[in-house]
Amino acid sequence: MKSGILEEMTIEEVRELQPNTAVVPIGSTEPHGPHLPYGSDTFLTRTVPEEAVRRAVRRGAKVICLPTLPIGNNVNFRRFPFALRIGVRTLMRVVEDIVEQLAADGIEKVVVVNDHGGNTDALRAALREIAGRDGSPFVCMVCPCDFSGGIESKLIKHPSDHAGEWETSMNLAIRPDLVKTDRLADNPFGKLSLPSLRETFFVRPWHLYVPRSAGGESRTASAETGRAILGASIEGLARFLVELSAAPRTPSFPYIEDSGAGSS
Ligand SMILES: [Zn+2]
């Protein structure tokens with residue numbers, strides 16, 4: 001039985017699957033406070049797409065999942081030890097090269113999956129570079145939980161962008177063996193000297209933004225919440241992949257051909 005997970009497949013299974021869609025998970029390795037492991041982002045970014053691809057392939061989708069890249073951009077984390085990082089340009093080139101090869105191997109549509117904020121701008125810039133080249137595959141980007149149907153907004157009482165209730169719940173569902181439950185806490189966020197800066201974009205030095213390398217309340221996290229979000233996210237992404245793989249790659253994709261033409 002073909003899984004759709006490239007690392008697990010033989011060359012014969014890959015040829016038989018004839019994938020037209022590829023999923024490229026981009027992870028990150030950086031500290032997540034005293035209670036969560038460095039691999040938190042990578043574990044989530046691997047688990048959701050892999051399970052979604054398995055389901056999509058069982059439902060007939062021609063989709064393949066690449067291995068998860070465990071190192072991303074963490075320049076803002078550099079005051080913490082071993083926040084692994086490659087530069088913005090390097091990350092862009094890595095993604096551009098991966099997509100170029102996928103096109104050579106017959107892939108028409110690519111889904112980049114990323115959960116790490118430090119990667120987002122580089123990945124978007126890479127998508128723009130790729131879009132500027134004729135003959136490129138269609139490339140879109142999602143967070144692992146974008147297709148959850150918004151279930152987390154009902155379950156999470158204390159939102160945080162790093163190692164809070166949500167991320168702790170996800171870890172309790174994926175790798176409970178690595179969560180230090182005796183270290184859960186309400187971790188402080190740094191305060192801006194100029195509150196109006198909140199309206200601007202700047203790259204936050206995270207040793208000042210989240211001095212403990214985690215921010216917000218994590219004591220309200222639970223494996224049950226994590227499993228509910230995970231389940232909804234996997235099923236939502238699986239459905240999307242089935243649709244995307246089945247959609248004909250017309251010259252006007254992702255738009256309907258001739259929409260509005262001749263209506264002048
Ligand atoms: Zn994280």
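Start with two helices, α3 and α4, which are oblique to each other, because any angle that is not under 35 degrees (roughly parallel), over 145 (roughly antiparallel) or 65 to 115 (roughly perpendicular) counts as oblique. Before you go on, know that this is a predicted model, where local features need pLDDT of at least 70, side-chain atom pairs count only at pLDDT 80 or more, and totals for chains, interfaces and linings use all residues. Residues are numbered from 1 along each chain as its sequence is written.

**Stop one: α3 and α4.** Select 88-104 for α3 and 117-131 for α4. Helices here are DSSP runs of H or I with at least four residues, strands are runs of E with at least two, and both are numbered from the N terminus. The angle between α3 and α4 is about 45 degrees, and their axes are 9 Å apart. Axes are lines fitted to C-alpha atoms, for helices over the stretch in contact, and angles run from 0 to 180 degrees between N-to-C directions. Now show the residues that meet: among them are Val 88, Leu 91 and Met 92 in α3, and Asn 119, Ala 122 and Leu 123 in α4. Being in contact means that two C-beta atoms, placed from the backbone, lie within 7 Å.

**Stop two: α6 and α8.** Select 165-174 for α6 and 223-246 for α8. How are α6 and α8 turned to each other? They are roughly perpendicular, packing at an angle of about 85 degrees with axes 7 Å apart.

Look for an open sheet of four strands in the order β2-β1-β3-β4, with parallel pairing. Strands pair if DSSP finds at least two bridges between them. At the edges sit β2 and β4 (138-142), each pairing on one side only. Zoom in on β1 (residues 21-26), joined to β2 by three bridges. There, Ala 22 stands opposite Ile 64 in β2.

**Last stop: Arg 85.** Find Arg 85 in the loop between β2 (63-65) and α3. Is Arg 85 buried or exposed? Arg 85 is buried, with 20 other C-beta atoms within 10 Å; the cut-offs are 20 or more for buried, 12 or fewer for exposed, and partly exposed in between, with C-beta atoms placed from the backbone. Leaving out residues up to four places away in sequence, Arg 85 touches Asn 73, Asn 74 and Val 75.
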